Amino acid sequence: MDFTFTAEQEMLRDSLGKLLAQGYTFEQRKAIVRGDHAHSALIWNQLGEMGLLALPFAERNGGLGGSASDLVAISELLGRHLVVEPYAGSIVLGGGALALGGDAVRPLLDAVIAGTALVALAHEERHGIGTPSLLQTTLHDTAGTLQLTGEKRLVLAGAEAKALIVSARAGDRLALVKVDPTASGVTIADYTMIDGRRAATVRFADVAVAPADVLCADAAEPLQQIIATATLALCAEAVGAMAALLEMTSAYAGTRKQFGTPIGAFQVIAHRLADMKIAYTKAHALLLYTTALAETGAAAARDIALLKAQAGRLGRSIGESAVQIHGGIGMTDELPVGHYLKRILAVETMLGSTEYHLRLIGSSGQ
Amino acid sequence: MDIAFSPELEAFRREVAEFLDTAPTPEIREAGRKTTSVFAPFEAVMAWHKLLHARGWAAPAWPKQYGGTGWSVEQRYIFAEEYWRCDLPPLLPNGLQMVGPLLMELGSEEQKAKYLPGILAGEDYWTQGYSEPGAGSDLAALQCSAVADGDDYIINGQKIWTTLAHKANRMFMLVRTSTDGKKQQGISFLLLDRVDYPGMEIRPIIGLDGIPEQCEVFFDNVRVPQSARVGAENDGWSVAKALLKHERGGSANSPAMYRRLETIRAAASGAPSPHGGTLLDDPVFQRDLGELEAEVAAYAAFEKLVISRHPMAADPSIPSMNKVISSELTQRISVVMTRVAGVEALPLQHEALTVGSNVAPLGSDLELVAMPYYLNSRATTIYAGTNEVQRDLIARTLPTA
């Protein structure tokens, strides 16, 4: 058993860490979030130059054939630096779904990998989707024309995407279809998420879909795989955020004085910090273990659910403790603490909430 | 990263499984089913220890030169998984995990030759004489004294929470040999060849579970040879700390927890929910069971990272984190067991719980053990350094600016 990153992965982490430490400070990030675009073209290009935009795609699709541990190695740092650029959205989810389309979509995929286009996966619905068979968006045949009807929520980078890949029920199957966001019947309302990412609600009112744009007519399995990979990446982001919170909170407790002594000297604070470290250690261990499973193709849906649930509940407890120990200053927008909490909350809520996954685990057998 | 088990390891798993499926006697299997503590029913588990020793498998974690198996960490984990699959009683930890490894590190050649074979073979059971009525979490406050007299020490005082002292034939203990300087500086570590020296009296203590697992031991001018000391006089505190360190090689507790979860799940599928249907179909129970399983999964990942020597394992707070996580998880599992048993957890069933009593339990095995296990498990967050002390130690390893 070996749960360590390779020397190459450590080098990649080192370079990415340096890039983000210099070019993605908390202040620089704030300016990006306040700006009009979903992301900084500068940083996106730099990630591209490091090969990260090509990393997760298979070599036959023009990618670098990166593994699960490659993705986790970098995603942990994206979380640590609160990166808002749509890596999970456009590369892992949108790109992963687009790549199912084969040669026909190759030019667009090349543009995604080159960093000149974004794509989005439109999957979540209503208050959050867990079980894909409950999707309400449908692809139906009306007088010989395929039409897409429904409403998708929390579409990451939805307003910036050149193409939307939409999950929909088609009879008793699940299909993934490519939709032009400018097509008739598509309405997009975009917003900034609590964690600084951009997302959108997208409505499809009888949108005509060409048969060639059905990327996958029986997509249940590939979709589950794409979501599993994205879950791994997002949980790695959450664990990166947890590490940052643990560090900054213990440092703060060592310097902040009340009643004439550093608050970390009070046993209630010390024990809360100890619980944060225990929670982080558990989340970190489960992330690396699940990554090693995924690396060999042995991660079952249940393993992904276990990780998602733990990253959410342990991350939330760390984030809430971090705010509490920082006191009033922890409540301010000025400090990164709350931004880390919000990154964790966003991860916890999307792709099936903690409670959804906990009940799934409990009802599904060992 | 690499997690795959090789075909050789799968062959090893079959070899282990075959032995564990056939070697234990019915009494040993009964003891496994009726284990409600870290300490399994004494006579049966010592008999099992001897059988495992005959196969060469009594001490998976010991180095080969002392009679250990020389197994890789993967092999040790597989052994633990198969062991728990069979519901076998865990070997008592005091000799194999505590005093044995300590002697390997700090004992004299004479002490090693004299004591290690008996520990390995399961001939000796060592009770631990650490705590005193006035020295629990603050162990260094201990007062039980040993005064040099010729080649001997004369011991006077009291020890408490000496587990199974009434079944033991040997004892390791901390005594005060000096009252000068800091309280940690006047402590010595002694090995007692017998627990029936003139002047020694052992009184069992009935626990919450109704079982006399713990004892008090009184010393009234008990004369023991000074050759029984490990390390230098007044240096027993560092000996005791070295003993604690032996946990750091890593544990394999999670397979036992997974086995408990399987038992819970099986029992819940047949247990009626007060809301109708089965407990396993109850959404609230599903959610809580899911959370418990997620916690066990995280702990299993933690154990695997530690035994595979991931850089994380070098963190000095690993033994304390391991203790806190495993003890609190044990308690949560025991709570869910009592929840599944419901009112069937309430009858006192001491006779049915006694190995060899031939008294049938009122209901299932889970219903028989759930409450004694829950009650006994209250001790897990108290013994071996309370979890409050462990959290102090963990907090001390955090960087402060």
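Leaving aside residues up to four places away in sequence, B:Tyr125 touches B:Met46, B:Leu92, B:Asn94, B:Gly95, B:Leu164, B:Lys167, B:Ala168 and B:Asn169, where a contact requires C-beta atoms, placed from the backbone, to lie within 7 Å. The model is a predicted one, in which local features need pLDDT of at least 70 and side-chain atom pairs count only at pLDDT 80 or more, while totals for chains, interfaces and linings use all residues. Residues are numbered from 1 along each chain as its sequence is written, with chains lettered from A and ligands numbered from 1 in the order in which they are written.

B:Tyr125 itself sits in the loop that links helix H6 (109-121) to strand S1 (126-129) of chain B. Helices (H or I, at least four residues) and strands (E, at least two) are taken here as DSSP runs, numbered from the N terminus. B:Tyr125 counts as buried because it has 23 C-beta neighbours inside 10 Å. The label "buried" calls for 20 or more other C-beta atoms within 10 Å of a residue's own, "exposed" for 12 or fewer, and "partly exposed" covers the range in between, again with C-beta atoms placed from the backbone. From B:Tyr125 to B:Ile187 there are 62 residues in sequence and, C-alpha to C-alpha, 24 Å in space.

Stepping back to the whole of chain B, its secondary structure consists of 13 helices and eight strands. Chain B has a radius of gyration of 22 Å, close to the 21 Å from the globule rule for 401 residues, so it is as compact as a globular protein of that length. That radius is taken over C-alpha atoms, and the rule is 2.2 Å times the number of residues to the power 0.38. The C-alpha trace of chain B spans about 75 × 55 × 50 Å along its principal axes, and 47% of its 401 residues are buried. Of the contacts in chain B between residues at least 6 apart in sequence, 71% join residues at least 24 apart.

Chain A holds 11 helices and 10 strands. Its radius of gyration, 21 Å, agrees with the value near 21 Å for a compact globule of 366 residues. The C-alpha trace of chain A extends about 80 × 45 × 40 Å along its principal axes, and 54% of its 366 residues count as buried. For contacts in chain A with a separation of 6 or more, residues 24 or more positions apart account for 74%.

Helix H5 (residues 87-98) spans only 14 Å between its end C-alpha atoms, whereas a straight helix of 12 residues would span 16 Å at 1.5 Å a residue; the expected span is 1.5 Å times one less than the number of residues. Since 12 of the 12 residues of H5(A) are buried, the helix is largely enclosed by the rest of the structure. Elsewhere, strand S2 (residues 138-142) and strand S3 (residues 145-156) of chain A pair in the antiparallel sense over five bridges, pairing being assigned if DSSP finds at least two bridges. A:His140 stands opposite A:Gln147 in S3(A). The two strands, S2(A) and S3(A), form a hairpin with two residues between them, and A:Ala143 in the turn has a positive phi of about 50 degrees.

Where the chains meet, 40 residues of chain A are in contact with 39 residues of chain B. On the side of chain A that touches chain B, H8(A) gives the most, with 16 residues.

How values were computed
Contact = placed C-beta atoms within 7 Å.
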